[in-house]
Amino acid sequence: MAGSGKRRGVVDADAGGAEPKRPRPSIKSLITEYAALPLVRNVVVPFLAKRALLDHDRICETVPGVPVEVRVKVPAGSGLKDNCEVLRDEWGVPHVYAANDEDMFYLQGRCHVEDRWFQMETTRRLQSGTIAAFAGEKALSIDKFARAMGWRRLAAQEVAALEEGGEEEREVLQMVRSYVRGVNETIADLTSRGKVPWELSLLKIDVSAPWTPEDVLGIMHVLAFKLSFGFQGPIVKHALIQALGEGIASEWFVSNSIPEGCPPTVSGWHKNATEVIRKMAKQRHAVPELMRPGLGSNAWCIGPGHTAEGVGAILANDPHLDTGIPTFFYESHMCSKGLDGKSREQGLHCAGMSVPGIPGMVLPGHNDHVAWGVTLSMCDVEDVFVELCSSDERDYDARLGFAPFYLHTPEGGDEAIKAAMEVHEHEIEVKGWNDPVTYHSADTRHGPVISRL
């Protein structure tokens with residue numbers, strides 16, 4: 001009936017449940033479905049993917065442990081002391097063979113850039129607080145957090161300490177510098193050949209700034225922060241105590257420490273897994289907080305007496321990190337004992353998981369003798385302090401929103417004294433803004449002030 005106000009696509013009950021008429025597709029939707037989307041799927045995406053691939057000399061040859069590989073021979077020169085070789089197996093995992101440690105870490109930096117340049121650049125910007133320069137205003141809070149935490153400042157202090165340290169410290173710094181040199185020379189080479197990843201081009205990220213050892217150590221601080229737990233909990237618990245009382249707040253939080261008298265592992269070998277579970281269930285009644293969700297991670301190993309012949313021991317490791325694309329880790333095999341893997345007695349030979357932006361094997365891995373892994377106990381490894389700021393109105397700093405002076409009692413003293421905080425000024429570039437944002441953060445002797453984060 002005309003003027004009834006029926007909506008298109010709604011069944012009219014008076015019409016006996018007739019099927020609604022589908023709206024006629026518009027010209028715009030037809031073009032999008034049958035022209036634009038297929039063009040993007042079949043032309044644009046393959047073009048971008050192919051453009052991101054690197055040119056390697058492919059050879060089909062059987063090598064022990066490397067069924068089908070891509071071999072890249074790297075002659076001495078251009079940052080390398082001796083001839084080297086990089087083999088990529090059928091899964092794309094690089095196998096680096098060098099005659100010295102410096103060349104090996106140089107090539108590790110090269111491999112990281114070839115496969116994870118975009119990931120490395122975004123992680124580098126995360127630790128330095130420069131994400132907003134390409135991501136815009138929405139990333140400004142991330143940059144302020146990174147600047148306040150001071151990851152970049154800590155990295156600079158650590159590089160200075162390595163430079164002033166002994167032989168071991170200088171070896172570590174040499175490893176980092178070799179890696180950074182490989183990163184920078186590979187970036188320059190890929191840029192000159194038009195092999196910049198399409199993500200960097202699409203987001204118009206400026207990659208002209210060379211990598212430095214401070215970038216590497218700063219990324220290590222980001223990794224350490226990602227694996228740390230503790231500073232949020234006390235803040236939330238304190239707020240709950242103020243709002244609801246200590247009794248209710250305590251029910252929300254349990255201790256993250258292992259209860260006294262509780263063995264950290266189950267002793268002995270049990271062929272029947274149900275026996276292990278039964279033992280754990282008995283422990284649960286004595287220490288129920290151990291079975292609470294979120295408390296603990298896992299790692300386990302099987303001795304060679306319980307594996308197939310020739311397999312040896314097996315180590316399983318859960319690093320307790322989020323999954324993502326690309327994954328946080330980067331699998332590789334590195335050897336600095338010569339191109340044949342055995343010419344030099346001195347040198348490194350290891351395989352496992354590294355982190356793009358950091359040289360060496362950071363987490364799960366193994367060498368010729370031992371395997372290693374890291375797991376988390378979710379324990380409280382961070383402390384939160386409540387600083388008593390100066391109440392003198394003359395000390396107030398509008399840039400911070402509080403007085404950059406606090407009271408503390410020196411060790412062995414009886415009276416509190418007023419101490420000045422260390423104030424830092426930051427200029428943060430924001431995409432789309434004409435002028436940078438001026439941001440101020442402060443540190444006390446306990447660490448960064450996080451009240452405004």
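Is phenylalanine 328 buried, partly exposed or exposed, and what is its relative accessibility? With a relative accessibility of 21%, phenylalanine 328 counts as partly exposed, whereas phenylalanine 329, at 11%, is buried; buried here means under 20% relative accessible area, exposed over 50%, and partly exposed in between, with a 1.4 Å probe and protein chains only. The model is a predicted one, in which local features need pLDDT of at least 70 and side-chain atom pairs count only at pLDDT 80 or more, while totals for chains, interfaces and linings use all residues. Residues are numbered from 1 along each chain as its sequence is written, and side-chain values use heavy atoms, with hydrogens and water left out.

Four aromatic pairs are counted, where rings of Phe, Tyr and Trp (its six-membered ring) pair if their centres lie within 6.5 Å, and planes under 30 degrees apart are stacked, over 60 edge-to-face and the rest tilted. The pair of phenylalanine 328 and phenylalanine 329 is edge-to-face, because the ring centres are 5.6 Å apart and the planes stand at 75°. One aromatic cluster is formed by Phe145, Trp151 and Phe225.

Elsewhere, lysine 418 lies over the face of phenylalanine 405, at 5.1 Å from the ring centre; the criterion is NZ of Lys or CZ of Arg within 6 Å of the ring centre and within 35 degrees of the ring normal.

Turning to the second largest pocket, its lining comprises 27 residues, with Asp383, Val384, Phe385, Pro448 and Ile450 nearest its centre. A pocket is an open set of points on a 1 Å grid over the protein atoms alone, where a 1.4 Å probe fits, with protein on both sides within 12 Å along at least five of seven lines, and lining residues have an atom within 4 Å of a point.
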